[in-house]
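Please open the structure in your viewer and keep the selection tool at hand, as this tour moves from one selection to the next.

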Amino acid sequence: MDYDKSEKAIMNPAQSEKEFMDTDDGLMFMHTHSLWEVISAVEKFYECTIYGVMSLEDVVENLRYWNAFDKDNSDYYLCEIDDVPNQLLLDGMEGAYNNVDDNQYGYEAYLEYIYDYIIDYIKINNRIRTGDNNAS
């Protein structure tokens, strides 16, 4: 089937009774709303339930008081969670996604995997030092 690339996309017939959310490229809505607002809108529009969302912000907040990141309450303190580069956190999240059976162990298992991933990286590479903000 040939189509003119300059033509606007047409709505999926299964969604023909629904109202479009916006007329831009689809990114404006995502950039002007929180992740949870976007997910809620997608669920409503597609009549579905999305589960298992893991955001960088949530992971940081959930790990903030784990031993290696809790300066005040741990003999195992390594650094502030805010000093951990985002890319290292994202790599840990991807590893957790690829290696953890979430149906059996749940979100906590993802956090444990990410925590261990970060700690192993810090110990092996000795690259993160508290207060240095070295996001390499």
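Which residues line the second largest pocket? Select Gly52, Val53, Met54, Met93, Tyr97, Asp102, Gly106, Tyr107 and Tyr110, which form this lining. This is a predicted model, in which local features need pLDDT of at least 70 and side-chain atom pairs count only at pLDDT 80 or more, while totals for chains, interfaces and linings use all residues. Residues are numbered from 1 along each chain as its sequence is written, and side-chain values use heavy atoms, with hydrogens and water left out.

Next, colour α4 (86-99) and α6 (107-125), each of which supplies at least two residues of the lining of the second largest pocket; helices here are DSSP runs (H or I, at least four residues), numbered from the N terminus.

Now move to the largest nonpolar core, which has 22 residues, with Leu63, Phe69, Val84 and Ile118 having the most contacts inside it. A nonpolar core is a set of buried Ala, Val, Leu, Ile, Met, Phe, Trp, Tyr and Cys residues joined through side-chain atoms within 4.5 Å, and buried means under 20% relative accessible area, with a 1.4 Å probe and protein chains only. To this core α6 gives the most, with eight residues.

Finally, select arginine 64, in the loop between α3 and α4, which counts as buried because its relative accessibility is 16%. Its side chain and that of glutamate 61 are joined by a polar contact of 2.8 Å, a polar contact being a pair of N or O atoms within 3.5 Å, where within protein one must be able to donate a hydrogen and the other to accept it, and residues adjacent in sequence count only if both atoms are side-chain atoms.

Key: On a 1 Å grid over the protein atoms alone, a cavity is a set of points where a 1.4 Å probe fits but cannot get out, and a pocket is an open set with protein on both sides within 12 Å along at least five of seven lines; lining residues have an atom within 4 Å of a point. Buried means under 20% relative accessible area, exposed over 50%, partly exposed in between (1.4 Å probe, protein chains only).
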